[in-house]
Amino acid sequence: MPMEVTWWGHATCTVEDSGVRVLTDPLFVSRLAHLRRRRGAVPPPEAAVADAVLVSHLHADHLHLPSLARLAPGTRLIVPRDAPRAVPGLRRLAGLRVTEVGPGDEVAVGELRVRAVPALHDGRRLPFGPHRSPALGYVIQGGAQTYFAGDTGLFDGMADTVGSIDVALLPVGGWGPFLGHGHLDPDRAARALAALAPRAAIPVHYGTYWPIGMDAVRPHEFHSPGDEFARKAARLAPRVAVHRLGHGESVRPEVGR
């Protein structure tokens with residue numbers, strides 16, 4: 001069975017591999033605090049159907065309690081170590097099977113194995129959370145090796161830490177006009193791609209949410225990261241097939257070596 005990736009917007013993706021559905025950083029709202037969804041419809045109910053859900057870090061646009069509450073009882077929820085202590089609302093999500101992980105830990109999900117890997121990002125619950133839980137990426141190991149980077153900057157040893165992969169889901173932007181430390185922009189994401197050397201890549205974490213009232217502030221940072229990443233990737237990693245998806249679109253990358 002071929003693996004398939006669906007991008008729902010922001011960092012929310014469904015990865016289907018070996019008959020197992022894995023959902024990443026679900027965010028199913030039209031507005032979050034000062035952010036509103038400017039492109040793509042709010043994901044439909046079927047987007048919340050998953051065997052396992054991966055949460056990369058504790059920021060509210062990645063660990064969003066109302067969106068997690070839409071998951072069916074019995075869903076496996078994989079979160080950074082100590083997340084329930086930092087975000088007590090996780091304990092009130094009835095029926096979810098919460099598993100805490102740190103870098104290097106592996107979890108079996110049906111026919112898949114999910115391995116947590118480090119990320120270079122401030123993973124605490126903002127604005128005042130303690131530095132307790134690590135920011136993570138994940139490698140989903142099944143018929144394909146799929147790397148979900150979460151939110152991360154480019155760091156030394158990234159490719160060695162992640163290992164051999166077939167598909168990379170890489171953040172290429174953000175939700176505001178300026179990216180802070182610990183993020184990938186299109187240039188850094190293309191350099192990461194060249195080091196990781198997968199067969200295929202899908203840019204995520206851009207072109208979805210934007211601060212209310214700031215539509216005219218550096219609008220290219222909202223609209224252009226996907227195309228800019230694809231152009232830079234063609235130069236730095238020409239052997240990688242880049243699939244720039246629209247919201248709700250799916251792709252079945254070629255992953256055979």
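## A helix across a sheet

Here, contact means heavy atoms within 4.5 Å. In this predicted model, helix α4 lies across β12 (145-148), β13 (167-171), β14 (200-204) and β16, and runs at about 160° to β13.

These strands belong to an open sheet of seven, ordered β9-β10-β11-β12-β13-β14-β16, with mixed pairing. At the edges stand β9 (106-109) and β16 (241-242); each has a single partner strand, so one side of each is left without a neighbour in the sheet. Look for E106, whose bridge partner in β10 is R115.

Nonpolar side chains tend to be buried together in soluble globular proteins. In this model, the largest nonpolar core has 53 residues, and Y138, Y147, L193 and F229 have the most contacts inside it. Helix α4 (residues 186-196) gives the largest share of this core, five residues. A second, separate core has 20 residues, including W8, A47, A48 and V55.

Now zoom in on L193: among the residues it touches are A168, L170, F229 and V242.

## Aromatic pairs

How many aromatic pairs does the structure hold? There are two. W7 and Y206 are stacked, 5.3 Å centre to centre with 15° between the planes. W7 lies in strand β1 and Y206 in the loop between β14 and β15, so this pair ties together parts 199 residues apart in sequence.

W210 and F222 form an edge-to-face pair, at 5.6 Å centre to centre and 75° between the planes. R38 also lies over the face of F222, 4.6 Å from the ring centre.

Key:
Residues are numbered from 1 along each chain as its sequence is written. This is a predicted model: local features need pLDDT of at least 70, side-chain atom pairs count only at pLDDT 80 or more; totals for chains, interfaces and linings use all residues. Side-chain values use heavy atoms; hydrogens and water are left out. A nonpolar core is a set of buried Ala, Val, Leu, Ile, Met, Phe, Trp, Tyr and Cys residues joined through side-chain atoms within 4.5 Å. Buried means under 20% relative accessible area, exposed over 50%, partly exposed in between (1.4 Å probe, protein chains only). Helices (H or I, at least four residues) and strands (E, at least two) are DSSP runs, numbered from the N terminus. Two strands pair if DSSP finds at least two bridges between them. Axes are lines fitted to C-alpha atoms, for helices over the stretch in contact, and angles run from 0 to 180 degrees between N-to-C directions. Rings of Phe, Tyr and Trp (its six-membered ring) pair if their centres lie within 6.5 Å; planes under 30 degrees apart count as stacked, over 60 as edge-to-face and the rest as tilted. A charge sits over a ring if NZ of Lys or CZ of Arg is within 6 Å of the ring centre and within 35 degrees of the ring normal. Lists of a residue's contacts leave out its neighbours within four places in sequence.
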